[in-house]
Amino acid sequence: HPMPERALPYRPHNHQACVSQALTDAQEICRQQNARLTPIRERVLELIWQSHKPLGAYDILAQLGAEGHKAAPPTVYRALDFLLQHGLVHRISSLNAFIGCTHAGEHHRSTFLICRECGIVLELAIDTVTEAIESAAKAEAFQVEDITLEISGLCPSCQGNAGHA
């Protein structure tokens, strides 16, 4: 079976494979960047990937606590900073939460579709929108460092559940 180019969270797929691939990629990226993926950083990344919904720092902290880790908030924040810095996760500002990056290690602009009903987030791999923003910014002699677009709406399954009264 040819693997689909990328699995969508709301379509059935082997999620465990998607999690282990993310961890393998992370180890390789950290090796290339000569960065240390400590066990706690790796576990935080794994927790973020295991959830298709963005996780907040306190969700992560609670999960680590439940697993018997003596993790303090600063530890989790440091792990998240490390993962952000190495392009392994994205921060969704509107939710103050984190999601695994589907193109880890590549420097790219991000556009997220966020379902306001079930909370699932989908990262779009389309660059035309961010390219338009970059060229508009360039016309203003503005140097763009980062673009993160967050678009809220309803995913296909939530659209199906919304009975129009």
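Strand 1 and strand 2 form a hairpin in which 4 residues lie between the two strands, and Asn 96, placed in the turn, has a positive phi of about 45°. The structure described here is a predicted model. Arg 91 stands opposite Phe 98 of strand 2. In a regular strand, side chains alternate between the two faces of the sheet. Strand 2 (residues 97-100) is covered on both faces: Ala 97 and Ile 99 are buried on one side, and Phe 98 and Gly 100 are buried on the other.

When residues up to four places away in sequence are not counted, Val 76 touches Ala 57, Ile 60, Leu 61, Leu 64 and Ala 71.

Ala 72 belongs to the loop between helix 3 and helix 4. With a relative accessibility of 33%, Ala 72 counts as partly exposed, because this value falls between the limits of 20% for buried and 50% for exposed residues. The C-alpha atoms of Ala 72 and Leu 61 are 7.4 Å apart in space, while the two residues are 11 apart in sequence.

Aromatic side chains were also considered. A search of the whole structure finds 0 aromatic pairs. A ring does, however, take part in an arrangement with a charged group: the charged end of Arg 41 sits over the ring of Phe 82, at 3.8 Å from its centre.

An open sheet is built from 3 strands in the order 4-3-5, with mixed pairing. Strand 4 (121-124) and strand 5 (148-153) stand at the edges and have a single partner strand each, so one side of each is left without a neighbour in the sheet. Neighbouring strands of this sheet are turned against each other by 25° on average, with direction ignored. Strand 3 (residues 110-115) pairs with strand 4 in the antiparallel sense, over 4 bridges. In this pairing, Leu 113 has Leu 122 of strand 4 as its bridge partner.

Thr 111 lies in strand 3 and is buried, with a relative accessible area of 4%. Its neighbours within four places in sequence left aside, Thr 111 is in contact with Leu 122, Glu 123, Leu 124, Thr 130, Leu 149 and Ile 151. Leu 124, one of these contacts, is found in strand 4. This residue has a relative accessible area of 25% and is therefore partly exposed. With neighbours within four places in sequence again left aside, Leu 124 is in contact with Thr 111 and Leu 113. A separation of 9.7 Å is found between the C-alpha atoms of Leu 124 and Arg 109, which are 15 residues apart along the chain.

Positive phi values were also found in loops. Asn 34 has a phi near 55°, a positive value in a residue other than glycine. Asn 34 is located in the loop between helix 1 and helix 2 and is exposed, with a relative accessible area of 74%. Ala 141, although not a glycine, has a positive phi of about 60°. The loop that holds Ala 141 runs between helix 5 (128-139) and strand 5. Ala 141 is exposed, and its relative accessible area is 74%.

Terms used. Residues are numbered from 1 along each chain as its sequence is written. This is a predicted model: local features need pLDDT of at least 70, side-chain atom pairs count only at pLDDT 80 or more; totals for chains, interfaces and linings use all residues. Side-chain values use heavy atoms; hydrogens and water are left out. Contact means heavy atoms within 4.5 Å. Two strands pair if DSSP finds at least two bridges between them. Axes are lines fitted to C-alpha atoms, for helices over the stretch in contact, and angles run from 0 to 180 degrees between N-to-C directions. Rings of Phe, Tyr and Trp (its six-membered ring) pair if their centres lie within 6.5 Å; planes under 30 degrees apart count as stacked, over 60 as edge-to-face and the rest as tilted. A charge sits over a ring if NZ of Lys or CZ of Arg is within 6 Å of the ring centre and within 35 degrees of the ring normal. Buried means under 20% relative accessible area, exposed over 50%, partly exposed in between (1.4 Å probe, protein chains only).
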